[in-house]
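Here is a friendly walk through one structure, written for someone who likes to think in distances and angles. Have the coordinates open while you read.

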Amino acid sequence: MFLARRLTLAALVVLIGASASACVTSTPGWTYTPAPSVTPAPSAGASGSASTAPSEAAGTVSISASGIAFEQTSVTAPAGKAFQITFDNKDAGTPHNVAIHKDTASGAEVFKGEIITGPASKTYNVPALDAGTYAFVCSVHPNMTGTLTAQ
Ligand SMILES: [Cu+2]
């Protein structure tokens, strides 16, 4: 009981001390440890990682096909500016392409990439898309679909 109370009291003191100021804690070793750990904390936050993802997709979107299926279920593209899709058709002797449809695969076609027979790859120049959700589809195999988010 006494030990538990002491631990509780100690925890409270540590919490109060930590919230008041890191300098209050007297152990010298701890003054160095918190400093580096505080720096990565903001970048590890949700907003930090969210801002990293679009910058990766800002350049080129990679889509590949294998086994008459796209290997990506969803990709992200920049909205409001032209971008490129690097399409890798890994299916020997099988034609595929990437077409982009508004909202869903049955929506209006906003882009249709050239059909290529694998193994082959092609870079498509896609015009700017409005922000929103699109489906990418193979014109040859309508069951090949994925989601493209323009943001
Ligand atoms: Cu196909």
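Two strands count as paired if DSSP finds at least two bridges between them. With that rule in hand, this predicted model shows an open sheet of three strands in the order S1-S3-S8, with mixed pairing. Strand S1 (60-65) and strand S8 (120-126) are the edges, each pairing on one side only. From one strand to the next, the twist averages 20°.

Let us look at one pairing inside the sheet. Strand S3 (residues 83-89) and S8 run antiparallel and are joined by seven bridges. Which residue in S8 is the bridge partner of Gln-84? The partner is Asn-125.

**The aromatic residues**

The structure holds four aromatic pairs. Two of them involve Phe-70, and their geometry is set out here.

| Pair | Centre to centre | Angle between planes | Type |
|---|---|---|---|
| Phe-70 and Phe-87 | 6.3 Å | 65° | edge-to-face |
| Phe-70 and Phe-136 | 4.9 Å | 65° | edge-to-face |

Why is the pair of Phe-70 and Phe-87 edge-to-face? Planes over 60 degrees apart count as edge-to-face, and these two rings have their planes at 65°, so the pair gets that label.

Another ring, that of Tyr-134, has a charged neighbour, with Lys-102 lying over its face at 4.8 Å from the ring centre.

**The copper ion**

Which protein atoms are the donors of the copper ion? They are ND1 of His-96, SG of Cys-138 and ND1 of His-141, lying 1.9 to 2.1 Å from the ion. Along the sequence, the donor residues follow the spacing H-x41-C-x2-H. The two histidines link distant parts of the chain, 45 residues apart: His-96 is in strand S4 (residues 95-96), and His-141 is in the loop between strand S9 (132-137) and strand S10 (145-150). Both His-96 and His-141 are buried.

Conventions. Residues numbered from 1 in each chain as written. Predicted model: local features only at pLDDT ≥ 70, side-chain atom pairs only at ≥ 80, totals over all residues. Heavy atoms only, no water. Donors = N, O, S within 2.8 Å, 3.2 Å for Na, K, Ca; no water. Helix = DSSP H or I, 4+ residues; strand = E, 2+ residues; numbered from the N terminus. Buried < 20%, exposed > 50% of the residue type's maximum accessible area, 1.4 Å probe, protein only. Axes fitted to C-alpha atoms, helices over the stretch in contact; angles between N-to-C directions. Phe/Tyr/Trp six-rings, centres within 6.5 Å; stacked < 30°, edge-to-face > 60°. Lys NZ or Arg CZ within 6 Å of the ring centre and 35° of its normal.
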